[in-house]
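Hi,

Here is the structure I promised to pass on.

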Amino acid sequence: MEKCFDRINHTSIMERVIAPQTIKTGIWRCLKAGVNPEFPEQGTPQGGVVSPLLANVALDGIEDIHYSIRYADDMVVILKPKDDADKILKDIQEFLAARGLKVSEKKTKLVRATEGFDFLGWHFKVQTNGKFRCVPSEDNYRTFRQKVKDIVNCSNYGAKVKAKKLAPLVRGWRNYHRYCKMDGSRFSLWRTAHRAFKVFNKEKKLNRYKASELIKKAFPAVSRSENSHVNVKGNKSPYDGDTLYWSKRNSKLYDGATSKCLKRQHHSCGHCGLKFMDDERVQLHHIDGNHDNWEPKNLIAVHHSCHQHIHTGKTGKV
């Protein structure tokens with residue numbers, strides 16, 4: 001059984017993170033900012049980068065009450081049949097009350113794992129056969145599909161511009177759900193893409209072949225693997241100096257040729273030799289410059305900046 005709470009959260013930041021001075025100064029200023037007397041009820045902007053940080057500071061320690069999963073101010077408490085849900089909820093309410101907060105009664109509910117529940121845009125459920133499933137939630141899918149429709153049906157610009165606007169939207173949505181069960185025409189977006197193809201194909205300047213090519217650009221493929229997310233250890237931070245751990249962990253986020261290169265290079269850049277950190281993406285470099293040659297010996301994994309440097313040194317431009 002699970003209990004979902006709103007206005008709650010997950011890991012400690014202030015005690016476990018040795019952050020750069022600039023970040024510490026920013027956090028200190030946020031905590032000392034005070035309240036605007038003209039808008040005493042107004043807090044930090046929803047969706048702002050500082051909002052989840054301040055929530056973590058305020059809610060540090062709530063995870064010790066009972067086993068739970070928390071992100072920013074949203075929380076799922078995992079209960080076993082023998083657990084007293086009412087007592088746990090009361091303890092959480094007392095914890096929040098001491099900080100001037102309270103549980104949202106409207107968004108709090110008790111459900112069975114086999115009934116499923118929504119959390120952070122996903123729908124979690126344990127099937128009757130005991131297998132765990134995670135798919136995009138109804139609200140998340142509906143919102144995303146509406147955004148796609150607004151772009152596809154817009155008459156202010158042509159198919160090429162629409163494809164350019166759709167690509168980052170679709171790629172971002174697919175990346176966010178890449179560890180969910182995305183089989184079937186619904187979550188694979190086949191019907192949505194087919195609808196877009198019909199609209200693109202009606203444009204006079206495009207033939208059927210060009211419309212198909214634009215659909216490939218508008219709906220880029222993203223590799224996915226159900227339930228294979230790589231968890232971060234609870235006591236780890238990008239600022240703890242453990243470059244080996246973070247390099248290995250981030251390397252596991254890649255697959256295919258990139259993954260093989262990273263393992264062969266012991267998670268180090270093939271150009272500068274430094275480890276890969278979270279703030280820079282990994283790119284594949286073709287040693288002979290032939291992008292059709294995908295032989296393992298012709299590929300190395302490098303930092304994005306190193307990749308730019310390599311090409312700048314060879315051709316004078318990236």
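**Aromatic pairs and the core**

Trp-122 counts as buried, at 19% relative accessibility (buried means under 20% relative accessible area, exposed over 50%, partly exposed in between, with a 1.4 Å probe and protein chains only). Before the rest, a word on the model: it is predicted, so local features need pLDDT of at least 70 and side-chain atom pairs count only at pLDDT 80 or more, while totals for chains, interfaces and linings use all residues. Residues are numbered from 1 along each chain as its sequence is written, and side-chain values use heavy atoms, with hydrogens and water left out.

A search of the whole structure turns up 7 aromatic pairs (rings of Phe, Tyr and Trp, the last by its six-membered ring, with centres within 6.5 Å; planes under 30 degrees apart are stacked, over 60 edge-to-face, the rest tilted). One of them is Trp-122 with Tyr-176, stacked at 4.7 Å centre to centre and 10° between the planes. Trp-122 is in strand E6 and Tyr-176 in helix H5, so this pair ties together parts 54 residues apart in sequence (helices, H or I of at least four residues, and strands, E of at least two, are DSSP runs numbered from the N terminus). Tyr-176 is partly exposed, at 39% relative accessibility.

Phe-144 and Trp-173 are stacked too, with ring centres 4.4 Å apart and planes at 10°. Here the link is between helix H4, which holds Phe-144, and helix H5, which holds Trp-173, parts 29 residues apart in sequence. Phe-144 is buried at 4%, and Trp-173 is buried at 7%.

Trp-173 also turns up in the largest nonpolar core, which has 32 residues; Leu-166, Trp-173, Leu-189, Phe-200, Ile-215 and Phe-219 touch the most other members (a core is a set of buried Ala, Val, Leu, Ile, Met, Phe, Trp, Tyr and Cys residues joined through side-chain atoms within 4.5 Å). Among the elements that each supply at least two residues of this core are strand E6 and helices H4 and H5. Leu-166 touches Val-148, Ile-151, Val-152, Phe-200, Ala-218 and Phe-219, leaving aside residues up to four places away in sequence (contact means heavy atoms within 4.5 Å).

Strand E8 (282–286) pairs with E9 in the antiparallel sense over 5 bridges (pairing needs at least two DSSP bridges between the strands), and Val-282 has His-303 as its bridge partner.

Cheers
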